[in-house]
Amino acid sequence: MQIFDSELRVLEVLWEEGEIRASQVCKVLEKRVGWNRNTTYTVIKKCIEKGYIERKEFHFVCKVLISKREVQKQAISNLLDKLFCNSNMDFLNVFLEEQTFSEQDKNDLKEMINHIK
C-alpha cells in the first residue's frame, strides 16, 4: 500500500472530523492547502477506489476505513524496506543518533524495550 501525500491530506481531515460530507472536506482543504473542489473530489475518488474511504450516497458522506495507526505502520514498513534493507537496528541507530530525549522519554523507551514481544 502506498498512500500519496494528497490522499493523506484527505485522510487527515477525516481522522480529525469523522464522517463528513465531501463538500466539507473540500472547504477544509481549500483553506489548508488551496485546493479547488475538483482536486479534492478527484483525490476522494482515488481514496474510495483504493478502499481507504467509503462513500455513503446520501449527501456524499465520506467515512474513513483505514486508521491513522495503520497508515503510520505501513509508512514505517516502506521506509525500512526502501532505505534500511528491512533492518530495524540500522533504522534505530540512525533515528536515535539524531534525537534529543528528555529523562521521561528515556524512561519510556526503556519501558518499551522491556515489553518487546
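**Entry 1: I76**

I looked up I76 and found I76 in helix α4. Helices here are DSSP runs of H or I with at least four residues, strands are E runs of at least two, and both are numbered from the N terminus. This is a predicted model, where local features need pLDDT of at least 70, side-chain atom pairs count only at pLDDT 80 or more, and totals for chains, interfaces and linings use all residues. Residues are numbered from 1 along each chain as its sequence is written, and side-chain values use heavy atoms, with hydrogens and water left out.

The cut-offs are under 20% relative accessible area for buried, over 50% for exposed, and partly exposed in between (1.4 Å probe, protein chains only). I also checked I76 against L8: they are 68 residues apart in sequence and 15 Å apart in space, C-alpha to C-alpha.

**Entry 2: the largest pocket**

I found that the largest pocket has a volume of about 780 Å³. Of its 15 lining residues, I76, F91, L92, L109 and M112 are the closest to the centre. A pocket is an open set of points on a 1 Å grid over the protein atoms alone, where a 1.4 Å probe fits, with protein on both sides within 12 Å along at least five of seven lines; lining residues have an atom within 4 Å of a point. Points are joined across faces, edges and corners, and the volume is the space filled by probe spheres set on them.

I noted that α4 (68-84), α5 (88-97) and α6 (103-114) each supply at least two lining residues.

**Entry 3: the second largest pocket**

The second largest pocket has a volume of about 290 Å³. I counted 14 lining residues, with I3, L8, V71, A75 and N78 nearest the centre. The elements giving two or more residues to this lining are α1 and α4. The largest share, eight residues, comes from α4.

**Entry 4: helix α2**

I turned to α2, residues 22-33, which has 12 residues. Which residues of α2 are buried? They are A22, V25, C26 and L29. Seen down the axis of α2, the buried residues fall within an arc of 105° (taken from the directions from the helix axis to the C-beta atoms), so they line one face of the helix. An α-helix has 3.6 residues a turn, so residues three or four places apart point the same way. On the other side of α2, I found K27, E30 and K31 exposed. Just after α2, G34 takes a positive phi of about 80°.

Terms used
The expected span of a helix is 1.5 Å times one less than its number of residues.
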